[in-house]
Amino acid sequence: MDAFHFDEIIKVRKVDADGKKYDKVSRIEARCHDGETSIQLDINSELYPIQPRELYRMVVSKTLNMDGSAVTSHPPEGEQKSLADKFEYIVHGLVYKVSMDTSGPDKKVVVYVSFGGLQLMLKSDPLKVQKFKLDEKLFLLLRKMTK
């Protein structure tokens with residue numbers, strides 16, 4: 001779908017690597033299969049517990065509508081299919097910072113999104129994250145992959 005800013009299979013490497021700071025929140029560190037993209041994501045672990053070495057499909061999208069149209073209101077129950085029907089964990093947030101990381105041999109773009117205080121840091125090749133724009137509202141969707 002054109003509305004997807006990001007659609008990848010991620011592998012969780014660490015959960016709460018710096019220790020658990022909050023009762024109901026865990027910070028995961030993950031990588032995409034391409035090996036180029038790293039992710040730090042705060043998850044409501046009471047609602048959606050995550051373990052190291054698990055695989056998830058992670059989508060970041062402007063909309064939940066299957067046709068790519070903007071989300072304007074909640075449709076009556078059962079009338080419209082939604083991306084939310086295909087995922088287990090969904091949050092809505094705002095891109096608050098986009099910066100360049102030149103500390104390594106390859107330039108990376110770092111995108112920061114806040115989901116009501118739960119943070120996403122996505123670091124990747126500039127071409128993979130070119131759709132992200134400052135102050136843009138986005139949905140993050142996760143689904144555990146079956147083996």
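Which residues have the most contacts inside the largest nonpolar core? In this predicted model, they are I39, M58, L120, F132, L140 and L142, in a core of 29 residues. Strands β1 (4-15), β2 (25-32), β3, β4, β5, β6 (108-115), β7 (118-124) and β8 (137-144) each supply at least two residues of this core. The largest share, 4 residues, comes from β6. A second, separate core of 7 residues includes F4, L64, F139 and L141.

The C-alpha trace spans about 50 × 30 × 30 Å along its principal axes. Of the 147 residues, 38% count as buried. Among contacts with a separation of 6 or more, 58% are made by residues 24 or more positions apart.

Leaving out residues up to four places away in sequence, L142 touches I10, L41, I43, Y48, I50, Y56, R57, M58, F87, E88 and Y89.

In one of them, the ring centres of Y48 and Y56 are 6.1 Å apart and the planes stand at 65°, which makes the pair edge-to-face because the angle is over 60 degrees. Both Y48 and Y56 are buried. Y48 also pairs with Y89, this time in a stacked arrangement with 5.3 Å from centre to centre and 25° between the planes. Since Y48 lies in the loop between β3 and β4 while Y89 is in strand β5 (residues 89-101), this pair ties together parts that are 41 residues apart in sequence. The relative accessible area of Y48 is 9%, so this tyrosine counts as buried. Y89 is likewise buried, at 7% relative accessibility. Taken together, Y48, Y56 and Y89 are linked into a cluster by ring pairs. Another ring, that of F87, has R143 lying over its face, at 5.2 Å from the ring centre.

The side chain of S45 is joined to that of S26 by a polar contact of 3.4 Å. Apart from its neighbours within four places in sequence, S45 is in contact with K20, D23, K24, V25 and S26. R53 is found in the loop between β3 and β4 as well. At 63% relative accessibility, R53 counts as exposed, and its phi is near 75°, a positive value in a residue other than glycine.

D16 also has a positive phi, near 55°, and is again a residue other than glycine. Its place is in the loop between β1 and β2. Is D16 buried or exposed? With a relative accessible area of 17%, D16 is buried, whereas R53 is exposed at 63%.

Strand β6, the source of the largest share of the main core, also contains Y112. A relative accessible area of 21% makes Y112 partly exposed. Not counting residues up to four places away in sequence, Y112 touches L94, V95, Y96, K97, S99, L120 and M121. Y112 and K131 are 19 residues apart in sequence, and their C-alpha atoms are 13 Å apart in space.

Definitions and conventions:
Residues numbered from 1 in each chain as written. Predicted model: local features only at pLDDT ≥ 70, side-chain atom pairs only at ≥ 80, totals over all residues. Heavy atoms only, no water. Polar contact = N/O pair within 3.5 Å; in protein donor to acceptor, adjacent residues only side chain to side chain. Contact = heavy atoms within 4.5 Å. Phe/Tyr/Trp six-rings, centres within 6.5 Å; stacked < 30°, edge-to-face > 60°. Buried < 20%, exposed > 50% of the residue type's maximum accessible area, 1.4 Å probe, protein only. Lys NZ or Arg CZ within 6 Å of the ring centre and 35° of its normal. Core = buried A, V, L, I, M, F, W, Y, C linked by side-chain atoms within 4.5 Å.
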